[in-house]
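Please have the sequence and the 3D view open as you read.

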Amino acid sequence: MRSGRLGRLVLGALAVLAAPAQAQEKPAAKALPPLVFTGIPDQDESRLVERFGKVAAYLETRLGVPVRYIPVKSYPAAVTAFTNGQVQLAWFGGFTGVQARKAVPGSQAIAQGAEDAAFKTYLIANAATGLKPEKDFPTAIAGKTFTFGARASTSGRLMPEYFIRQAFPGKTPEQVFARVGFSGDHTRTIQLVQSGAFAVGAVDYSVWDLDSKAGKVDRQAVSVIWESPTFPDYQWTVRGDVEQTYGAGFTDRLRAALTGITDPAILEPFGRSRFIPVANAAYQPLVAVGRSTGLLD
């Protein structure tokens with residue numbers, strides 16, 4: 001009887017000793033990889049870093065996952081980063097969003113600025129041209145030098161080219177203007193027209209407003225001569241495979257986080273009052289324009 005009691009004590013002691021070892025063998029919860037996002041470089045880099053750094057910090061707090069912003073050098077580079085999975089989320093222009101979602105089936109436009117549902121292009125002109133503001137498309141720009149923004153910009157290239165082709169039927173921009181350029185971004189377009197390097201240019205109205213408020217626009221040297229009809233533009237687009245990594249319902253959580261932004265310090269660098277929900281169908285008009293101008297396959 002005594003030996004049986006000793007055996008039970010020994011077994012109990014062994015069980016106590018084994019418990020910590022078993023606990024140590026239990027695999028730790030796998031850390032989630034960072035949610036990586038980018039945005040088209042539509043204006044000067046310092047403003048982009050300010051804008052997207054604040055978004056990253058905000059989303060990390062709201063979503064409970066690491067969030068990282070990576071800059072890109074061009075509009076096509078933003079689409080490529082999204083297509084190859086280097087980023088899972090992007091702030092695209094209307095046209096680059098169309099291109100990205102076409103390349104990555106299942107991707108969704110989930111939020112846009114309240115102002116993006118009815119966006120505008122401004123045509124701006126150097127004062128030396130003598131061009132004045134007009135309600136109708138200013139056909140007097142024909143024969144002058146003209147700069148678009150980036151080649152894949154919605155407000156800086158796609159829509160302006162569409163309006164130019166409508167105003168001059170059967171002609172390409174190269175046939176309308178003495179010289180055509182591509183500045184690369186809206187801030188640069190303003191600088192080029194303001195300096196006189198180009199007589200006329202097409203610019204995102206929100207960047208014009210932001211640069212004007214920042215004192216970067218000399219109204220004696222450059223002015224708005226035409227405001228376009230409205231069209232859908234910028235949006236946040238997310239890859240369709242994010243829920244495989246971050247769990248079911250993550251897309252809805254991400255949309256809710258973006259549309260829940262109320263901090264002016266985050267919204268003002270975007271030139272937006274708030275973000276609102278949106279769906280892919282809202283950008284169908286840009287698909288039609290892209291095909292009509294030959295800019296979308």
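Does Y205 count as buried or exposed? Y205 has 11% relative accessibility, so it counts as buried; the term means under 20% relative accessible area, while exposed means over 50% and partly exposed lies in between (1.4 Å probe, protein chains only).

## About the model

This is a predicted model, in which local features need pLDDT of at least 70, side-chain atom pairs count only at pLDDT 80 or more, and totals for chains, interfaces and linings use all residues. Residues are numbered from 1 along each chain as its sequence is written, and side-chain values use heavy atoms, with hydrogens and water left out.

## Overall build

The protein has twelve helices and eleven strands. Both are DSSP runs numbered from the N terminus, helices being H or I with at least four residues and strands E with at least two. The C-alpha atoms fill a box of roughly 115 × 40 × 25 Å along the principal axes. The radius of gyration is 26 Å, whereas a compact globule of 297 residues would come near 19 Å; this radius is taken over C-alpha atoms, and the globule rule is 2.2 Å times the number of residues to the power 0.38.

Buried residues make up 49% of the 297 residues. Of the contacts (heavy atoms within 4.5 Å) between residues at least 6 apart in sequence, 79% join residues at least 24 apart.

## Aromatic pairs

Rings of Phe, Tyr and Trp (its six-membered ring) pair if their centres lie within 6.5 Å; planes under 30 degrees apart count as stacked, over 60 as edge-to-face and the rest as tilted. By this rule there are 26 aromatic pairs. In one of them, F119 and Y205 have ring centres 4.9 Å apart and planes at 65 degrees, so the pair is edge-to-face. It links distant parts of the chain, 86 residues apart: F119 is in the loop between β4 (108-113) and β5 (121-126), and Y205 is in helix α8 (residues 205-213). F119 is buried, at 0% relative accessibility.

Now compare F146 and F177, whose ring centres are 4.5 Å apart with planes at 15 degrees, so this pair is stacked. F146 lies in strand β6 (residues 145-148) and F177 in the loop between α6 (173-176) and β7 (179-182), so the pair ties together parts 31 residues apart in sequence. Both F146 and F177 are buried.

Ring pairs also build a cluster, whose members include F37, W91, F119, Y205 and W236.

## Charges and rings

A charge sits over a ring if NZ of Lys or CZ of Arg is within 6 Å of the ring centre and within 35 degrees of the ring normal. R151 lies over the face of F182, 4.0 Å from the ring centre. Likewise, the charged end of R157 sits over the ring of F148, at 5.8 Å from its centre.

K120 is in the loop between β4 and β5. With a relative accessible area of 18%, K120 is buried. Leaving out residues up to four places away in sequence, K120 touches several residues, among them D204, Y205, E227 and F231.

## One side of helix α12

Which residues of helix α12 (residues 284-293) are buried? They are L286, V287, V289, G290 and T293. These residues cover an arc of only 165 degrees around the axis, which puts them on the same side of α12; the arc is that of the directions from the helix axis to the C-beta atoms. Their cover includes α4 (94-103) and α5 (154-167). After α12 comes G294, with a positive phi near 80 degrees.
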